[in-house]
Amino acid sequence: MRKPGFEMFVRLCYVALLCLTPFPSNARTQEAAKPFVVTESAFTIETTSISSTGLWMWWTAVFKNPNPGYYCAHPQVTVTARNSSGEVVGTYEKSMVAFFTPAGTIAYGDNLEVLEVPAKLEITPAKCYWTKLPTGIKPLPEFQARNVRLIPIQYRLKVSGEVINPLSQDIDSVMGAVLFRDQSGKLLGGDLFYIKNIPAQATKPFMDDLLDRGAIPRRYDKFEFMVFPTSLINYDRLLQP
């Protein structure tokens, strides 16, 4: 439920790209690629009148593509919350508006209505339609961020910094993820936002509010920032010489 208007826009644009870009039909491609993996996850709880149960669970996870020769848009997961007895107190399927570059890492999160405060979070990779990197073609360079900082303003946080587009084409949007950690580095929660209109081979400054207050843990010691493509990126076109 993060900025649903723009997320819907991204999905519609992605459907349009599918109509213009051939999608791999060879089942062997899917069999050869290994499933993406969850490397770490966390959740926070928010009491809210918007939920019919009065509770939202905000989940955050980091995902890794173990395939150096494959890429994928819209990876899907099953998110399940359980109580201390192992009973399901909330579950749904989530198609993430994100893109796995070859051997890439992403972070994602969302909110799930739960019946009670959960004791356990389960995030299970469901599917990803992998595309094989053409023979002799190297993966594209990754987006980078620098000078990122969190700025407390009254009862909210702003995040500012710069993102570097190393590609030879303009990019409509990338996703920024703020990951909150304790002193030992354990993941406590996270929040996402979009950075739009990044010119080719340029550095774009950004500043945005972290709007999902329930996703931000009450206490944290440090943060990590990640930036990665959304599913709107046309990776096939960018690979062309």
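Visitor: In what order do the strands of the open sheet of three strands lie?
Guide: This is a predicted model. The open sheet has three strands with antiparallel pairing. S13 (187-198) and S15 (222-229) are its edge strands, each pairing on one side only. From one strand to the next the twist averages 20°. The order is S13-S12-S15.

Visitor: Which residue in S15 is the bridge partner of Ala177?
Guide: Strand S12 covers residues 171-181. S12 and S15 pair in the antiparallel sense, over eight bridges. In S15, the bridge partner of Ala177 is Met226.

Visitor: How far apart are the sulfur atoms of Cys72 and Cys128?
Guide: A search of the whole structure finds one disulfide. The cut-off for a disulfide is a pair of cysteine sulfur atoms within 2.5 Å. Cys72 and Cys128 form a disulfide, and their sulfur atoms are apart by 1.7 Å.

Visitor: What is the angle about the S-S bond in the link of Cys72 and Cys128?
Guide: The link of Cys72 and Cys128 is left-handed. Its angle about the S-S bond is -110°.

Visitor: How many residues apart in sequence are the parts that the pair ties together?
Guide: Cys72 lies in strand S3 (residues 70-73). Cys128 is in the loop between strand S8 (120-127) and strand S9 (131-132). The pair therefore ties together parts whose separation in sequence is 56 residues.

Visitor: Is Cys128 buried or exposed?
Guide: Buried means under 20% relative accessible area. Cys72, with 1%, is buried. Cys128 has a relative accessible area of 9%, so Cys128 is buried.

How values were computed
Residues numbered from 1 in each chain as written. Predicted model: local features only at pLDDT ≥ 70, side-chain atom pairs only at ≥ 80, totals over all residues. Heavy atoms only, no water. Pairing = 2+ DSSP bridges. Helix = DSSP H or I, 4+ residues; strand = E, 2+ residues; numbered from the N terminus. Axes fitted to C-alpha atoms, helices over the stretch in contact; angles between N-to-C directions. Buried < 20%, exposed > 50% of the residue type's maximum accessible area, 1.4 Å probe, protein only.
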